[in-house]
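Dear colleague,

I am passing on the structure below, and after it I set out what was found when its atoms were examined. Please read the notes with the coordinates open beside you.

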Amino acid sequence: MATDRVLSGMRPTGALHLGHYHGALKNWVRLQEEHDCFFFVADWHALTTHYDSPEVIGNNVWEMVIDWLAAGIDPAKAVLFIQSRLPQHAELHLALSMCTPLGWLERVPTYKDQQEKLTEKDLTTYGFLGYPLLQAADILMYRAQWVPVGEDQVPHVELTREVARRFNHLFGREAGFEDKAAAALKKLGGKRGQAYEDYRVRYQQNGEAAALEGARSLVAGTQSLSDDDRARLLGWLEGGRRRILVEPQALLTETSKVPGLDGAKMSKSYGNAVAMREDPASVTKKLRQMPTDPARVRRTDPGNPDNCPVWQLHQVYSNAEVKAWARQGCTTAGIGCLDCKQPVIDAIVAEQTVFVERAKPYVEEPRRVRDIMDAGCERARAVAAETMRDVKDAMGLGYV
Ligand code: TRP
Ligand code: SF4
C-alpha cells in the first residue's frame, strides 16, 4: 500500500490557459518527480454540469491532455487516465452513496454556490449533489495520501476524509481486531514495534500529524507484513478498525496567481484568458490591449502598479530587475504602459514556444495521445480493481 500516492483530476474544459498552468499543472510536473502520481480526466464530473452539451466533451478531453503533455507531464512518470473508462469510479460512487448522509452533501459550500452562480442551468439534480462524493470515490479508489487542489476544493477533500472514516468504521469491523492488531505489532519486531507504539500514542493523545506520518511510513516500509496485517496496523492508528480506505489530505502548494486580462481571475468563461498554446500575434494583441492603472490616462501621468493587472503579470513573469524597472518607470512616468508590457509579452511568448514544441508530436499524430491514455487506464485499472475487491468484500458483496 503506497503511502506516497498523489492523485488529482481536472474537468475537461478544453484548451487550458495560463491560469491552469501556473495554478496547477506546474505543480503537477514537480510532483511527478517525487511521488507516485495519478492524474486523470474527470469527464463524469463535466457531465454533472454540462449534461446538456455532451458533444463538447470528446474534443475537450484530447485538447486538455495535449496541454498536460505540453506543460511537461510525463507519461513515463505519472499515470494518466480517463475517469469514465474505468467503471470502478461509478461503482465506488454508488457504494459510498449507501453510507453517506444527505446532509453532508448538502452542506458542501460549492453545492449552493454553484447553483446560485450558474443560474442558466438546472443544477437541482441528483448527479450534481453527488459531485463531491464522486470526487471522494476518485480519491479513495487510489488510496491516495495527497490531493493537490485549489483552495475551493478543500471542502471536497475534507468530505472525502469523513466518508473514508465512516466507511472504515462501518465496514472495517473484524472479530478479534485488537488481538490481531497486537499480533501484527509483534511481527514488526522489537525496535520498530516500540517506534510504532510511540507514534500511535503521540497521534492518538496529541493528534500530532507528524506522528501519523511517521507510523504510516514505518508500516509501509516493513516488507515482511501481510496486506491484512498492514491494514490492521494502519487502522489501529486511526481508531481500532481495519483500514480499508485511506484518509487523504489536501496538498495546498504556493502557486502564483495569474490574473486574467481584466485583472479578475483568469477563466475561459469570463473571456479574459490567454491559452497555453496561443498564437504569438494574438497574445501580443491581447496584452497590448490590456487595461492598466485607470488613473494613468496620458503617457505623462505617473501610475500606481498596485492598481494595475499588468503588474500582477510581472509578479509571475519578471525577475527582480525588470520589476524594479517597471515600478520605477511607472511611478515616475518614465516609461509608457506599452514599454512596461513588452517584457511580459516576451516572457509569455517564450514560455508558450516550449509548450507548442512539446505538443507538436501529439497534434501531428493524435493516435499517440490515445495510446498514452490507453496505457494509463490499464495501470489505473490494476489499482482500482484491487480497491473494489476490498470494498465489495467489506460491504458483504463478496459472497459466492
Ligand atoms: N472537482 C475538481 C475540480 O473541479 C476535479 C476533480 C474531480 C478532482 N475529481 C477529483 C480533483 C479528484 C482532485 C481529486 O477541479
Ligand atoms: Fe501598469 Fe506598467 Fe502601465 Fe504602470 S506602466 S500602469 S504597471 S502597465
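The side chain of Arg 143 comes within 3.0 Å of the backbone oxygen of Ile 244, a polar contact in the sense of a pair of N or O atoms within 3.5 Å, where within protein one must be able to donate a hydrogen and the other to accept it, and where residues adjacent in sequence count only if both atoms are side-chain atoms. Before going further, please note that this is a predicted model, in which local features need pLDDT of at least 70 and side-chain atom pairs count only at pLDDT 80 or more, while totals for chains, interfaces and linings use all residues. Residues are numbered from 1 along each chain as its sequence is written, chains are lettered from A and ligands numbered from 1 in the order in which they are written, and side-chain values use heavy atoms, with hydrogens and water left out.

Arg 143 sits in the loop between helix H8 (131-141) and strand S4 (146-148), helices (H or I, at least four residues) and strands (E, at least two) being DSSP runs numbered from the N terminus. Its relative accessibility is 7%, so Arg 143 counts as buried (under 20% relative accessible area, with exposed over 50% and partly exposed in between, for a 1.4 Å probe and protein chains only). Arg 143 also has a positive phi of about 50°, although it is not a glycine; most residues other than glycine have a negative phi. Ala 333 likewise has a positive phi, of about 60°, and is found in the loop between helix H16 (320-331) and helix H17 (337-364).

Turning to the ligand, 14 residues surround ligand 1, and Gln 135 and Gln 153 are among the closest (near means that a heavy atom of the residue lies within 4 Å).

Finally, the structure holds zero disulfides (pairs of cysteine sulfur atoms within 2.5 Å).
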